[in-house]
There are 2 protein chains.
Amino acid sequence: MNEATTRDPDLTRSRILQAGFELFVDKGFAAVSMRELAQRSGVTKSLIHHHFGTKEGLWDAVKEAAFSRYYEGQKDELEGADAPDSNLLRNGVIRYFRFLQENPQVVRLFTWMHLENDSTCSEMDAELVALGARRVREAQEAGLLRADVNPTHVVTIFIHACSQWFEV
Amino acid sequence: MNEATTRDPDLTRSRILQAGFELFVDKGFAAVSMRELAQRSGVTKSLIHHHFGTKEGLWDAVKEAAFSRYYEGQKDELEGADAPDSNLLRNGVIRYFRFLQENPQVVRLFTWMHLENDSTCSEMDAELVALGARRVREAQEAGLLRADVNPTHVVTIFIHACSQWFEV
DNA sequence: GCCCTAATTGACCGGCCGATCAGTCAGTGT
DNA sequence: ACACTGACTGATCGGCCGGTCAATTAGGGC
C-alpha cells in the first residue's frame, strides 16, 4: 500500500509544475484554482504554497520553464550558421514551423501571457527576435530577400502567422 | 443631486453591455467579477442579473453584440461587388486591415473567445469565411491569383495574420 | 386615480477563493 | 542518540465570489 513513501522535493516540484503547465495552458491563470492544481498534481494545496509561495509564483515558474525550453531550442537554431544561404533560411523557417506544430501548448501559453499583458521573458524574446532579424538582414544584403522591408517586422509577422496557423 | 432619476432600461442595458465589453476585452471572462462590472456600469450587481441572468449571460450578450457589429460590416463589404477585379480584391484587403486597426478591442475579444474554445458565432463566422473564399476563388478563376491553394486557407491565414499584426 | 408590470435596490446566502499556521514527520549531519 | 532542517499535512481564516430574494419605486395603460 504505502508506495514511494520517500520524500522527493524535486519530483514534487516538477509534478506541480507539470500540472500547472497543463491547467494554465488549458484555462489561463484566472480560471484555475489552487485546489484544482493540488488535485491534479497529487499533493496538498499547502505544499504548492510551500514550494512556490503564491499562485502567481507558480504561474511565473510555469512560464519561465516553458519559455526557457523554447528559448534554448530557438537559440541553438539561430546561432548555428552564419553564411546567408537561401536553403538555410528556408530550413530555419521549416524548423520553426515544426517546433510550433509539435508544441501547440506552448503557443497557447504564450497567447494567454500576451492577452494578460505579461512582460515576463520579454528580454529573452527580444533577443530571439533580434537574432532572427539579423539573419533576415544578412539575407537581404546577399540579395536573397527584398531589401525594402523591416527585418524585425518580417520576423514578428512570420512568428505570429505560424503561431496562428495551428489554431484554426 | 438626483440627476436623471427617470428609468431607461435600454440605456441601462447598453451601459452594462459597454462596461462588460471593456472589462472582458481587458481581462477575459474569468478575471472579471460581477462587482467590478456593476461598479463600472454604475448600476447594482442585482440589476445586471435582472437584465442578463448570469455572468455568462452577460458574456454571451457582449460577444453577440460585438460579433454582430463585425459581421454586418464585413457582410456588406463582401457582398458588394461580384466582378473579380484585382483592385477590388486589394481594396477589400485594405478595408479589412483598416477595420481591425480601428477595432483592436474586437480582435482581443475574439482571441479570448478562441482561447476559451468558444464556438459562439461560429455559424456567422463560417458564413463570412465562405463569402471571402468565394471571392478568392473567383479571382483564381480569372487568373488573378495562383490556383493551387485552398481559398478557405487563404482567407483564414489572411485574417489571422492581420489580427496579429496589431498586437505587437 | 389606480393598477400592473418591470426596473431597481440592498441585504443576504452558501460556497469557494487564496493564504496562513501550528504541528508532524522523514532525512541528514554529527 | 540527538538535534536540526525542510518537506508535508489538515484545520482554519477572512474575504470575495456568483446568485437570490423580498421590498421599493417609477412609468404606462385604463
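Reader: How do the residues of the surface near DNA strand C divide into nonpolar, polar and charged?

Author: Start with the classes: Ala, Val, Leu, Ile, Met, Phe, Trp, Tyr, Cys and Pro count as nonpolar, Asp, Glu, Lys and Arg as charged, and the others, Gly among them, as polar. Near DNA strand C that gives four nonpolar, nine polar and six charged residues. Keep in mind that this is a predicted model, where local features need pLDDT of at least 70 and side-chain atom pairs count only at pLDDT 80 or more, while totals for chains, interfaces and linings use all residues. Residues are numbered from 1 along each chain as its sequence is written, and chains are lettered from A and ligands numbered from 1 in the order in which they are written.

Reader: Which residues are the closest to DNA strand C?

Author: A residue is near a strand if its C-beta atom, placed from the backbone, lies within 6 Å of it. By that rule 19 residues surround DNA strand C, and the closest are A:S33, A:T54, B:P9, B:T12 and B:S46. Two or more residues each come from helix 2 (34–41) and helix 3 (45–52) of chain A, and from helix 1 (9–27) and helix 3 (45–52) of chain B. Helices here are DSSP runs of H or I with at least four residues, numbered from the N terminus.

Reader: And how many residues surround DNA strand D?

Author: DNA strand D has 20 around it, with A:T44, A:S46, B:T6, B:S33 and B:T54 the closest.

Reader: Moving on to helix 7 of chain A, which residues are buried?

Author: First the general idea: an α-helix has 3.6 residues a turn, so residues three or four places apart point the same way. Buried means 20 or more other C-beta atoms within 10 Å of a residue's own, exposed means 12 or fewer, and partly exposed is in between, with C-beta atoms placed from the backbone. In helix 7 of chain A the buried ones are A:G132, A:R135, A:V136 and A:A139. Seen down the axis, they fall within an arc of 95°, so they line one face of the helix; the arc is that of the directions from the helix axis to the C-beta atoms. The face turned away carries exposed A:S122, A:E123, A:A126 and A:E141.

Reader: What is the phi of A:C121?

Author: Most residues other than glycine have a negative phi. A:C121 has a positive phi of about 70°, and sits in the loop between helix 6 (104–115) and helix 7 of chain A.
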